[in-house]
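Here is a walk through one protein structure, part by part. Have the sequence and the model at hand while reading.

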Amino acid sequence: MQNTLMKYCRISHGLSAASVAPKLGVDACSYKALECGEILMTPEQAKKLGRLYGIRSEYFYQEALQTDLLLAKITLIKILQNKIKELQAKLGA
């Protein structure tokens with residue numbers, strides 16, 4: 001699940017992931033993982049993005065937290081669905 005604000009700002013400013021990554025103190029692979037929501041952004045990285053794009057850093061950090069929460073909920077739902085299927089199979093349903 002992508003951090004759409006990060007991606008929108010980067011693209012609208014005509015920047016590549018590889019050019020933004022060093023500004024956050026990460027390599028391009030880590031930047032892409034941040035933008036895709038695979039790893040959680042730190043408050044310091046949010047501040048750097050805020051300065052880079054002239055946007056309040058809280059916007060970046062809050063979106064990262066919301067993305068992380070949604071990914072966690074999706075994962076939990078999948079686990080619970082599998083558990084339900086296992087229990088139904090045991091009960092012969």
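Asn3 lies in the segment before helix 1, which covers residues 4-12. The model is a predicted one. Is Asn3 buried or exposed? Its relative accessibility is 2%, and because buried means under 20%, Asn3 counts as buried.

The surroundings of Asn3 can be described from two sides. Its side chain reaches the backbone nitrogen of Met6 at 3.1 Å. Beyond the neighbours within four places in sequence, Asn3 is in contact with Leu34, Glu35, Met41, Phe60, Glu63 and Ala64.

One of these partners, Leu34, also takes part in a contact between two helices, where it belongs to helix 3. Two packed helices are described by the angle between their axes and the distance between the axes. For helix 2 (residues 17-24) and helix 3 (residues 28-35), the angle is about 95 degrees and the axes are 8 Å apart. Angles of 65 to 115 degrees count as roughly perpendicular, and helix 2 and helix 3 are therefore roughly perpendicular to each other.

Which residues meet where helix 2 packs on helix 3? Helix 2 contributes Ala17, Ala18, Val20, Ala21 and Leu24, while helix 3 contributes Ala28, Tyr31, Lys32 and Leu34. The residues of this contact divide into eight nonpolar, no polar and one charged.

With a relative accessibility of 35%, Ile74 counts as partly exposed. Leu52 is 22 residues away from Ile74 along the chain, and the C-alpha atoms of the two are separated by 31 Å.

Methods
Residues are numbered from 1 along each chain as its sequence is written. This is a predicted model: local features need pLDDT of at least 70, side-chain atom pairs count only at pLDDT 80 or more; totals for chains, interfaces and linings use all residues. Side-chain values use heavy atoms; hydrogens and water are left out. Axes are lines fitted to C-alpha atoms, for helices over the stretch in contact, and angles run from 0 to 180 degrees between N-to-C directions. Helices (H or I, at least four residues) and strands (E, at least two) are DSSP runs, numbered from the N terminus. Angles under 35 degrees count as roughly parallel, over 145 as roughly antiparallel, 65 to 115 as roughly perpendicular and the rest as oblique. Contact means heavy atoms within 4.5 Å. Ala, Val, Leu, Ile, Met, Phe, Trp, Tyr, Cys and Pro count as nonpolar, Asp, Glu, Lys and Arg as charged, and the others, Gly among them, as polar. Buried means under 20% relative accessible area, exposed over 50%, partly exposed in between (1.4 Å probe, protein chains only). A polar contact is a pair of N or O atoms within 3.5 Å; within protein, one must be able to donate a hydrogen and the other to accept it, and residues adjacent in sequence count only if both atoms are side-chain atoms.
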